[in-house]
Amino acid sequence: MSKAILLFLQFLALGFTSFGGPAAHLGYFRTVFVEQKKWLTESEYSQLIALSQFLPGPGSSQVGFAIGLKRMGLLGGILAFIGFTLPSFIAMVALASGLIHLSGNAYLDSFIHIFKLLAVIVVLDAVLTMSKSFCSTNTTKIIAVLTACIIWLSPLPFIQVACLAGAGMFGLWKLRSTDFDDSNKQPVIKTSLKPNLSTLIFIALFVVCIFNILPFGELFSQTFVAGSLVFGGGHVVLPLLQESFAQSVGQSEFITGYAAAQAIPGPMFAFASYLGALSHENAILGGLIATAGIFLPGFLLILAFQKNWSELSKRPNVSGVINGVNASVVGLLAATLYTPIYVTSVMAPTDMAIVSVGFLLLRFVKLSILKLILVACLIAIAGPLLAMI
(Lines give C-alpha, C1' and ligand atoms only; values in the text may rest on other atoms or scores of the structure.)
Protein backbone atom coordinates (compact mmCIF):
# COMPACT_ATOMS: atom_id res chain seq x y z
CA MET A 1 0.00 0.00 0.00
CA SER A 2 1.39 3.40 -0.96
CA LYS A 3 2.59 5.96 1.55
CA ALA A 4 -0.12 8.40 0.44
CA ILE A 5 -2.94 5.88 0.96
CA LEU A 6 -1.60 4.95 4.40
CA LEU A 7 -1.44 8.60 5.42
CA PHE A 8 -5.01 9.18 4.21
CA LEU A 9 -6.35 6.10 6.00
CA GLN A 10 -4.62 7.09 9.24
CA PHE A 11 -6.28 10.50 9.25
CA LEU A 12 -9.58 8.99 8.10
CA ALA A 13 -9.54 6.68 11.14
CA LEU A 14 -8.90 9.69 13.38
CA GLY A 15 -11.72 11.56 11.64
CA PHE A 16 -14.13 8.78 12.61
CA THR A 17 -12.97 8.49 16.23
CA SER A 18 -11.66 11.88 17.43
CA PHE A 19 -14.46 13.07 19.67
CA GLY A 20 -14.00 15.80 22.25
CA GLY A 21 -13.07 18.95 20.35
CA PRO A 22 -9.75 20.56 19.37
CA ALA A 23 -7.82 19.73 22.55
CA ALA A 24 -8.79 16.08 22.25
CA HIS A 25 -7.72 16.08 18.60
CA LEU A 26 -4.29 17.37 19.61
CA GLY A 27 -4.07 14.56 22.13
CA TYR A 28 -4.94 11.96 19.50
CA PHE A 29 -2.41 13.43 17.05
CA ARG A 30 0.34 13.39 19.66
CA THR A 31 -0.37 9.79 20.66
CA VAL A 32 -0.41 8.54 17.06
CA PHE A 33 2.18 10.67 15.29
CA VAL A 34 4.67 11.44 18.06
CA GLU A 35 4.53 8.44 20.39
CA GLN A 36 3.54 5.57 18.14
CA LYS A 37 4.54 6.40 14.56
CA LYS A 38 7.31 8.86 15.50
CA TRP A 39 6.67 11.06 12.47
CA LEU A 40 7.60 14.07 14.61
CA THR A 41 9.54 14.75 17.77
CA GLU A 42 7.82 16.20 20.83
CA SER A 43 9.54 19.52 20.14
CA GLU A 44 8.45 19.63 16.48
CA TYR A 45 4.89 18.82 17.47
CA SER A 46 4.80 21.51 20.14
CA GLN A 47 6.00 24.07 17.60
CA LEU A 48 3.13 23.16 15.28
CA ILE A 49 0.66 23.62 18.15
CA ALA A 50 2.19 26.98 19.06
CA LEU A 51 2.00 28.15 15.44
CA SER A 52 -1.62 27.02 15.05
CA GLN A 53 -2.62 28.85 18.23
CA PHE A 54 -1.18 32.14 16.97
CA LEU A 55 -2.81 31.92 13.54
CA PRO A 56 -6.52 32.27 12.82
CA GLY A 57 -8.35 29.16 11.71
CA PRO A 58 -9.20 25.68 13.03
CA GLY A 59 -6.26 24.89 15.33
CA SER A 60 -6.38 21.09 15.37
CA SER A 61 -7.08 20.85 11.63
CA GLN A 62 -4.14 23.17 10.98
CA VAL A 63 -1.92 20.88 13.05
CA GLY A 64 -3.17 17.84 11.13
CA PHE A 65 -2.58 19.62 7.83
CA ALA A 66 0.93 20.61 8.96
CA ILE A 67 1.72 17.00 9.96
CA GLY A 68 0.70 15.81 6.49
CA LEU A 69 2.71 18.67 5.01
CA LYS A 70 5.86 17.62 6.86
CA ARG A 71 5.29 13.98 5.94
CA MET A 72 4.56 14.25 2.19
CA GLY A 73 4.52 17.90 1.18
CA LEU A 74 1.39 19.64 -0.08
CA LEU A 75 -0.19 16.34 -1.20
CA GLY A 76 0.24 14.98 2.32
CA GLY A 77 -1.38 18.06 3.83
CA ILE A 78 -4.36 17.81 1.49
CA LEU A 79 -4.80 14.07 2.13
CA ALA A 80 -4.56 14.64 5.90
CA PHE A 81 -7.25 17.32 5.71
CA ILE A 82 -9.61 15.26 3.54
CA GLY A 83 -9.20 12.16 5.68
CA PHE A 84 -9.74 13.96 8.99
CA THR A 85 -12.66 16.10 7.76
CA LEU A 86 -14.54 13.66 5.51
CA PRO A 87 -16.54 11.82 8.24
CA SER A 88 -17.77 15.04 9.86
CA PHE A 89 -18.50 16.58 6.44
CA ILE A 90 -20.66 13.61 5.46
CA ALA A 91 -22.48 13.64 8.81
CA MET A 92 -23.20 17.38 8.71
CA VAL A 93 -24.39 17.43 5.08
CA ALA A 94 -26.56 14.38 5.75
CA LEU A 95 -28.02 16.12 8.81
CA ALA A 96 -28.79 19.24 6.77
CA SER A 97 -30.43 17.06 4.12
CA GLY A 98 -32.59 15.32 6.73
CA LEU A 99 -30.99 11.94 6.05
CA ILE A 100 -29.82 11.28 9.61
CA HIS A 101 -30.76 12.16 13.17
CA LEU A 102 -28.07 12.27 15.83
CA SER A 103 -30.26 11.41 18.81
CA GLY A 104 -32.76 8.76 19.75
CA ASN A 105 -30.66 5.78 18.66
CA ALA A 106 -29.37 3.84 21.66
CA TYR A 107 -26.30 2.45 19.89
CA LEU A 108 -25.33 5.81 18.35
CA ASP A 109 -25.72 7.55 21.71
CA SER A 110 -23.60 4.83 23.33
CA PHE A 111 -20.81 5.21 20.77
CA ILE A 112 -20.74 9.00 21.20
CA HIS A 113 -20.58 8.69 24.98
CA ILE A 114 -17.83 6.06 25.00
CA PHE A 115 -15.69 8.02 22.55
CA LYS A 116 -16.09 11.12 24.72
CA LEU A 117 -14.62 9.06 27.56
CA LEU A 118 -11.81 8.00 25.25
CA ALA A 119 -11.10 11.69 24.64
CA VAL A 120 -10.65 12.18 28.41
CA ILE A 121 -8.06 9.37 28.45
CA VAL A 122 -6.10 10.65 25.45
CA VAL A 123 -5.99 14.29 26.56
CA LEU A 124 -4.97 13.33 30.11
CA ASP A 125 -2.08 11.30 28.71
CA ALA A 126 -1.07 14.21 26.45
CA VAL A 127 -1.11 16.71 29.34
CA LEU A 128 1.09 14.51 31.54
CA THR A 129 3.59 13.71 28.77
CA MET A 130 3.85 17.28 27.47
CA SER A 131 4.20 18.65 31.00
CA LYS A 132 7.34 16.54 31.46
CA SER A 133 8.84 17.93 28.25
CA PHE A 134 7.85 21.58 28.53
CA CYS A 135 7.36 22.26 32.24
CA SER A 136 10.71 21.09 33.61
CA THR A 137 11.42 24.25 35.61
CA ASN A 138 9.47 26.00 38.35
CA THR A 139 8.91 28.98 36.04
CA THR A 140 7.35 26.94 33.24
CA LYS A 141 5.23 25.00 35.76
CA ILE A 142 3.90 28.29 37.09
CA ILE A 143 3.09 29.46 33.54
CA ALA A 144 1.12 26.24 32.90
CA VAL A 145 -0.85 26.46 36.14
CA LEU A 146 -1.59 30.17 35.71
CA THR A 147 -2.81 29.56 32.15
CA ALA A 148 -5.18 26.81 33.30
CA CYS A 149 -6.51 28.92 36.19
CA ILE A 150 -7.08 32.00 34.03
CA ILE A 151 -8.98 29.98 31.42
CA TRP A 152 -11.12 28.29 34.11
CA LEU A 153 -11.95 31.58 35.82
CA SER A 154 -12.36 33.74 32.70
CA PRO A 155 -14.04 31.72 29.93
CA LEU A 156 -13.94 34.58 27.42
CA PRO A 157 -13.61 33.97 23.64
CA PHE A 158 -10.06 35.35 23.26
CA ILE A 159 -8.67 34.41 26.68
CA GLN A 160 -6.69 31.46 25.27
CA VAL A 161 -4.92 33.64 22.73
CA ALA A 162 -4.26 36.27 25.43
CA CYS A 163 -2.68 33.65 27.71
CA LEU A 164 -0.46 32.30 24.94
CA ALA A 165 0.59 35.81 23.92
CA GLY A 166 1.35 36.75 27.54
CA ALA A 167 3.38 33.57 28.07
CA GLY A 168 5.28 34.27 24.86
CA MET A 169 6.15 37.80 25.98
CA PHE A 170 7.31 36.51 29.36
CA GLY A 171 9.38 33.83 27.61
CA LEU A 172 11.03 36.48 25.47
CA TRP A 173 12.06 38.23 28.68
CA LYS A 174 12.98 35.29 30.91
CA LEU A 175 13.27 32.06 28.93
CA ARG A 176 15.64 32.92 26.09
CA SER A 177 18.28 30.39 25.04
CA THR A 178 21.90 31.25 24.29
CA ASP A 179 23.11 32.44 20.90
CA PHE A 180 24.09 28.88 20.02
CA ASP A 181 22.04 25.87 19.07
CA ASP A 182 22.29 23.35 21.91
CA SER A 183 22.48 20.33 19.64
CA ASN A 184 25.71 21.19 17.86
CA LYS A 185 27.02 24.40 19.49
CA GLN A 186 27.03 26.17 16.14
CA PRO A 187 25.93 29.78 15.77
CA VAL A 188 22.29 30.11 14.82
CA ILE A 189 21.95 31.18 11.20
CA LYS A 190 20.11 34.47 10.80
CA THR A 191 17.70 33.92 7.93
CA SER A 192 15.79 36.58 6.09
CA LEU A 193 12.04 36.18 6.02
CA LYS A 194 10.14 37.11 2.87
CA PRO A 195 6.45 36.95 1.91
CA ASN A 196 5.64 33.89 -0.18
CA LEU A 197 2.93 32.94 -2.66
CA SER A 198 0.59 31.58 0.05
CA THR A 199 0.67 34.91 1.89
CA LEU A 200 -0.18 36.82 -1.28
CA ILE A 201 -3.03 34.41 -2.15
CA PHE A 202 -4.47 34.74 1.35
CA ILE A 203 -4.37 38.57 1.24
CA ALA A 204 -5.89 38.69 -2.24
CA LEU A 205 -8.72 36.28 -1.36
CA PHE A 206 -9.45 38.07 1.90
CA VAL A 207 -9.79 41.42 0.13
CA VAL A 208 -12.09 40.13 -2.61
CA CYS A 209 -14.18 38.17 -0.09
CA ILE A 210 -14.58 41.21 2.16
CA PHE A 211 -16.08 43.07 -0.80
CA ASN A 212 -17.89 39.92 -2.02
CA ILE A 213 -16.69 40.26 -5.60
CA LEU A 214 -15.84 36.61 -6.28
CA PRO A 215 -17.65 35.22 -9.32
CA PHE A 216 -18.68 31.99 -7.55
CA GLY A 217 -20.72 33.56 -4.86
CA GLU A 218 -21.48 34.88 -1.45
CA LEU A 219 -21.30 31.52 0.36
CA PHE A 220 -17.55 31.13 -0.15
CA SER A 221 -16.92 34.79 0.76
CA GLN A 222 -18.87 34.55 4.03
CA THR A 223 -17.11 31.41 5.20
CA PHE A 224 -13.64 32.52 4.04
CA VAL A 225 -13.90 35.77 6.02
CA ALA A 226 -15.13 33.87 9.09
CA GLY A 227 -12.25 31.39 8.81
CA SER A 228 -9.79 34.28 8.50
CA LEU A 229 -10.92 35.95 11.74
CA VAL A 230 -11.36 33.04 14.15
CA PHE A 231 -8.77 33.02 16.92
CA GLY A 232 -9.04 30.81 19.97
CA GLY A 233 -10.71 27.64 18.77
CA GLY A 234 -13.84 26.28 17.15
CA HIS A 235 -16.36 27.80 19.55
CA VAL A 236 -15.31 31.32 18.53
CA VAL A 237 -16.59 30.66 15.01
CA LEU A 238 -20.19 30.63 16.30
CA PRO A 239 -20.77 34.41 16.51
CA LEU A 240 -19.02 35.00 13.18
CA LEU A 241 -21.18 32.46 11.33
CA GLN A 242 -24.31 33.44 13.23
CA GLU A 243 -24.12 36.95 11.84
CA SER A 244 -24.08 35.61 8.27
CA PHE A 245 -26.33 32.54 8.46
CA ALA A 246 -28.72 32.61 11.44
CA GLN A 247 -31.43 34.52 9.60
CA SER A 248 -31.06 32.78 6.24
CA VAL A 249 -31.16 29.20 7.58
CA GLY A 250 -33.34 29.89 10.64
CA GLN A 251 -32.35 30.24 14.28
CA SER A 252 -33.57 26.78 15.28
CA GLU A 253 -31.71 25.05 12.43
CA PHE A 254 -28.60 27.08 13.21
CA ILE A 255 -28.54 25.96 16.87
CA THR A 256 -29.28 22.35 15.89
CA GLY A 257 -26.28 22.30 13.57
CA TYR A 258 -24.00 23.85 16.16
CA ALA A 259 -25.02 21.25 18.76
CA ALA A 260 -24.47 18.46 16.24
CA ALA A 261 -20.98 19.77 15.40
CA GLN A 262 -20.02 19.28 19.05
CA ALA A 263 -21.47 15.76 19.19
CA ILE A 264 -19.74 14.27 16.16
CA PRO A 265 -16.02 13.42 15.76
CA GLY A 266 -13.65 15.59 13.77
CA PRO A 267 -13.31 19.36 13.43
CA MET A 268 -16.02 21.69 14.75
CA PHE A 269 -15.52 23.85 11.66
CA ALA A 270 -17.56 21.19 9.83
CA PHE A 271 -20.47 23.24 11.18
CA ALA A 272 -19.89 25.39 8.08
CA SER A 273 -20.53 22.32 5.91
CA TYR A 274 -23.99 22.06 7.47
CA LEU A 275 -24.73 25.74 6.89
CA GLY A 276 -23.50 25.53 3.30
CA ALA A 277 -25.70 22.51 2.63
CA LEU A 278 -28.74 24.38 3.99
CA SER A 279 -27.93 27.55 2.06
CA HIS A 280 -27.47 26.05 -1.41
CA GLU A 281 -29.96 24.38 -3.75
CA ASN A 282 -27.49 21.50 -4.08
CA ALA A 283 -26.66 20.36 -0.53
CA ILE A 284 -23.41 18.57 -1.42
CA LEU A 285 -22.10 21.44 -3.55
CA GLY A 286 -23.06 23.98 -0.88
CA GLY A 287 -21.33 21.92 1.77
CA LEU A 288 -18.17 21.68 -0.34
CA ILE A 289 -18.07 25.43 -1.03
CA ALA A 290 -18.56 26.33 2.64
CA THR A 291 -16.02 23.74 3.77
CA ALA A 292 -13.41 25.10 1.35
CA GLY A 293 -14.14 28.64 2.49
CA ILE A 294 -13.88 28.02 6.23
CA PHE A 295 -10.71 25.89 6.14
CA LEU A 296 -8.72 27.50 3.32
CA PRO A 297 -7.53 30.62 5.23
CA GLY A 298 -5.95 28.59 8.02
CA PHE A 299 -4.20 26.28 5.58
CA LEU A 300 -2.86 29.13 3.46
CA LEU A 301 -1.45 30.72 6.63
CA ILE A 302 0.17 27.43 7.68
CA LEU A 303 1.79 27.21 4.24
CA ALA A 304 2.92 30.82 4.58
CA PHE A 305 4.41 30.59 8.05
CA GLN A 306 5.44 26.98 8.73
CA LYS A 307 8.89 27.20 7.14
CA ASN A 308 9.50 30.66 8.58
CA TRP A 309 8.36 29.46 11.99
CA SER A 310 10.89 26.62 11.89
CA GLU A 311 13.65 29.07 11.03
CA LEU A 312 12.50 31.63 13.58
CA SER A 313 12.42 29.01 16.33
CA LYS A 314 16.21 28.64 16.06
CA ARG A 315 16.78 32.25 17.07
CA PRO A 316 17.49 32.79 20.79
CA ASN A 317 14.81 35.42 21.35
CA VAL A 318 12.16 33.44 19.51
CA SER A 319 13.13 30.23 21.33
CA GLY A 320 12.29 32.07 24.55
CA VAL A 321 8.85 32.91 23.16
CA ILE A 322 8.34 29.27 22.16
CA ASN A 323 9.40 28.03 25.60
CA GLY A 324 6.80 30.28 27.19
CA VAL A 325 4.11 29.32 24.70
CA ASN A 326 4.82 25.58 25.08
CA ALA A 327 4.35 25.83 28.84
CA SER A 328 1.14 27.79 28.31
CA VAL A 329 -0.14 25.18 25.83
CA VAL A 330 0.18 22.54 28.56
CA GLY A 331 -1.99 24.71 30.80
CA LEU A 332 -4.44 25.27 27.97
CA LEU A 333 -4.79 21.51 27.40
CA ALA A 334 -5.18 20.93 31.15
CA ALA A 335 -7.92 23.56 31.33
CA THR A 336 -9.74 22.03 28.37
CA LEU A 337 -9.34 18.55 29.85
CA TYR A 338 -11.57 19.59 32.75
CA THR A 339 -14.04 21.73 30.83
CA PRO A 340 -15.60 20.94 28.47
CA ILE A 341 -14.12 17.44 28.01
CA TYR A 342 -14.37 15.93 31.51
CA VAL A 343 -17.51 17.70 32.74
CA THR A 344 -19.49 16.73 29.63
CA SER A 345 -18.25 13.13 29.49
CA VAL A 346 -17.86 11.62 32.97
CA MET A 347 -21.39 11.41 34.35
CA ALA A 348 -21.30 8.38 36.66
CA PRO A 349 -18.92 6.14 38.65
CA THR A 350 -19.03 3.66 35.77
CA ASP A 351 -17.64 6.35 33.45
CA MET A 352 -14.83 7.09 35.90
CA ALA A 353 -13.97 3.39 36.06
CA ILE A 354 -13.81 3.19 32.24
CA VAL A 355 -11.54 6.24 32.11
CA SER A 356 -9.24 4.82 34.80
CA VAL A 357 -8.88 1.42 33.13
CA GLY A 358 -8.46 3.01 29.70
CA PHE A 359 -5.75 5.34 31.00
CA LEU A 360 -3.94 2.35 32.54
CA LEU A 361 -4.06 0.50 29.21
CA LEU A 362 -2.79 3.49 27.22
CA ARG A 363 -0.21 4.85 29.63
CA PHE A 364 1.29 1.77 31.27
CA VAL A 365 0.27 -1.28 29.22
CA LYS A 366 1.13 0.77 26.11
CA LEU A 367 -1.92 -0.42 24.19
CA SER A 368 -1.99 1.21 20.75
CA ILE A 369 -4.66 3.81 20.07
CA LEU A 370 -6.19 1.54 17.41
CA LYS A 371 -6.62 -1.31 19.89
CA LEU A 372 -7.99 1.10 22.47
CA ILE A 373 -10.55 2.29 19.90
CA LEU A 374 -11.58 -1.33 19.26
CA VAL A 375 -12.06 -1.85 22.99
CA ALA A 376 -14.16 1.33 23.10
CA CYS A 377 -16.33 0.03 20.24
CA LEU A 378 -16.97 -3.24 22.08
CA ILE A 379 -18.00 -1.34 25.22
CA ALA A 380 -20.26 0.93 23.17
CA ILE A 381 -22.02 -2.10 21.61
CA ALA A 382 -22.31 -3.89 24.95
CA GLY A 383 -23.96 -0.99 26.75
CA PRO A 384 -27.39 -1.03 25.02
CA LEU A 385 -27.36 -4.88 24.94
CA LEU A 386 -26.89 -5.06 28.70
CA ALA A 387 -29.62 -2.46 29.22
CA MET A 388 -32.05 -4.72 27.33
CA ILE A 389 -31.40 -7.72 29.60
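## Cysteines

The structure holds 0 disulfides, a disulfide being a pair of cysteine sulfur atoms within 2.5 Å.

## Basis of the model

This is a predicted model in which local features need pLDDT of at least 70 and side-chain atom pairs count only at pLDDT 80 or more, while totals for chains, interfaces and linings use all residues. Residues are numbered from 1 along each chain as its sequence is written, and side-chain values use heavy atoms, with hydrogens and water left out.

The largest nonpolar core has 114 residues, of which Phe11, Phe29, Ile67, Leu118 and Phe271 touch the most other members. Helix α4 gives the most to this core, with 15 residues. Such a core is a set of buried Ala, Val, Leu, Ile, Met, Phe, Trp, Tyr and Cys residues joined through side-chain atoms within 4.5 Å.

Ile90 lies in helix α4, residues 59–96; helices are DSSP runs of H or I with at least four residues, numbered from the N terminus.

## Helix α9

Helix α9 comprises residues 218–229, and its 12 residues should span 16 Å at 1.5 Å a residue, the expected span being 1.5 Å times one less than the number of residues. The end C-alpha atoms are 17 Å apart, which agrees.

Because 9 of its 12 residues are buried, α9 is largely enclosed by the rest of the structure. Among the buried residues are Leu219, Phe220, Phe224 and Val225.

Terms used. Helices (H or I, at least four residues) and strands (E, at least two) are DSSP runs, numbered from the N terminus. Buried means under 20% relative accessible area, exposed over 50%, partly exposed in between (1.4 Å probe, protein chains only).
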